[in-house]
Each structure stands twice: as C-alpha cells, then as structure tokens.
Amino acid sequence: MRKSIRAALAASFLALAANAQADLSTVPSGEYGLDDHHAYISFTYSHIGFSTPHVGFRKFDANLTLDSAKPENSAIEVVIDTTSVDSRVEEFNGHLRGSNFFDTDNYPQATFKSTSIEGTGEDTFNVTGDLTIKDVTKSVTLEATLNKAAMHPMRKIPAVGFSAETTIMRSDFGLDRAVPAVGDEVTIYITVEMPKKESD
C-alpha cells in the first residue's frame, strides 16, 4: 500500500515538474528564432498500403513572436526550402523536386503563417494558419504542444520547444501524382527548439 502511495506521489511530482517546464510565464515575450541543429519537419503517407515512408526537409526557418502572458496573441511564420526535401533515396528526391510533386524550379519555397492561436490545455494549442505550397494556400490547424520553456542550460538565454502535427490532403496542393494508389492523406510532424533572439 505504501509503495502505491509513494508511486502516486512520485508521478504527481513528475507531472508538476513537467508542467513547470512547460510554463510560458518562465520566459519573456519577444522574438524567438530557430535552432536549426535541433529542428525537424517531416511528413508521412501510405505507400500502396505496404509501408509508411518518412520524408523530411533539411532546410527551413521559423520566427516566433511570443506573447508569454497571452499566448493567443503570439504569431509564427515558417519558410521551407522545398529543394531540400530528403527521402534518403536520391532518385526519389529528384522525383519529389520534379514537376509532378513540389516543382522546386518554379516553387522553391513553402510557407506557413499563423492566423490564430487557441489554448486547448495547460501546454497545448491549436495553431491555425495559411499553408502555401506551389502557390496554393489553404487554412490548416496544427495541434501543438509546448515541450519546455526555460533558460537554455548551454546558451544561457531563454528558449522554448514545441512539437506539432497536422494532416492535409496533398491533392489540395497540386501534389496528386499516383493518388489514390499512393495515399492522398499526409501527416506533417514538427519539433523545434527556439531560443530568444539575442538582438531582441
């Protein structure tokens, strides 16, 4: 019985510690930029039902204008270099950069710009914004989680970390090659560390 109580108390303390780390009030408002050594954007889809490939981008940038007291007043913008798409198969990378998919010669960037942020829990948010791929813009909502907000132990500046995901239909953006044999539904995963800009 005592072991059960101790385990429950330990779990409660761990939960409280995790929430404290994810409290935006521990960092100041301002401009936060991307730590590109600790940032990832990837997407998955069904390949003829046999596998779920994981494809990512090697180059992208993001800027967060954070209102730590009222997170709903914050804003984020992301710019992705679509030429950096990486499936870990060079031949397929060429296909993805080609006219049947991202057509990077004509559309070298994809962008996301938030239009609203809504708190859904202590450390979770719905981030709605305009996603533009190949000059097609659609409103999408990212389900985001604040992983941590604190002084970065190495850089000695405030930093925040987020994870987020959303699901889109690639055919909505002119990326409909091989649909429906290859899945139309694409799930996008994002995880980033963002330190406060030192010039801010």
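This note goes through the salt bridges and aromatic pairs of a predicted model.

1. Three salt bridges turn up in a search of the whole structure. They are taken one by one in the next points.

2. R155 and D35 join through their side chains in a salt bridge, at 3.9 Å from N to O. R155 sits in the loop between β9 (136–151) and β10 (158–169), and D35 in the loop between β1 (30–33) and β2 (39–44), so this pair ties together parts 120 residues apart in sequence. D35 is buried, at 9% relative accessibility, whereas R155 is partly exposed, with a relative accessible area of 40%.

3. R58 and D86 form another salt bridge, their closest N and O atoms being 3.7 Å apart. R58 is exposed at 52% relative accessible area; D86, at 23%, is partly exposed.

4. In the salt bridge of R97 with E90, the closest N and O atoms are 3.2 Å apart. E90 counts as exposed, at 56% relative accessibility, and R97 as partly exposed, at 26%.

5. The count of aromatic pairs is four. One of them is F57 with F102, edge-to-face, with 5.7 Å centre to centre and 75° between the planes. Because F57 lies in strand β3 (residues 54–57) and F102 in the loop between α2 (90–97) and β7 (109–119), the pair ties together parts 45 residues apart in sequence.

6. Both F57 and F102 are buried. Together with F43 and Y45, these residues form one aromatic cluster.

Note on methods: Residues are numbered from 1 along each chain as its sequence is written. This is a predicted model: local features need pLDDT of at least 70, side-chain atom pairs count only at pLDDT 80 or more; totals for chains, interfaces and linings use all residues. Side-chain values use heavy atoms; hydrogens and water are left out. Rings of Phe, Tyr and Trp (its six-membered ring) pair if their centres lie within 6.5 Å; planes under 30 degrees apart count as stacked, over 60 as edge-to-face and the rest as tilted. Helices (H or I, at least four residues) and strands (E, at least two) are DSSP runs, numbered from the N terminus. Buried means under 20% relative accessible area, exposed over 50%, partly exposed in between (1.4 Å probe, protein chains only). A salt bridge is a side-chain nitrogen of Lys or Arg within 4 Å of a carboxyl oxygen of Asp or Glu.
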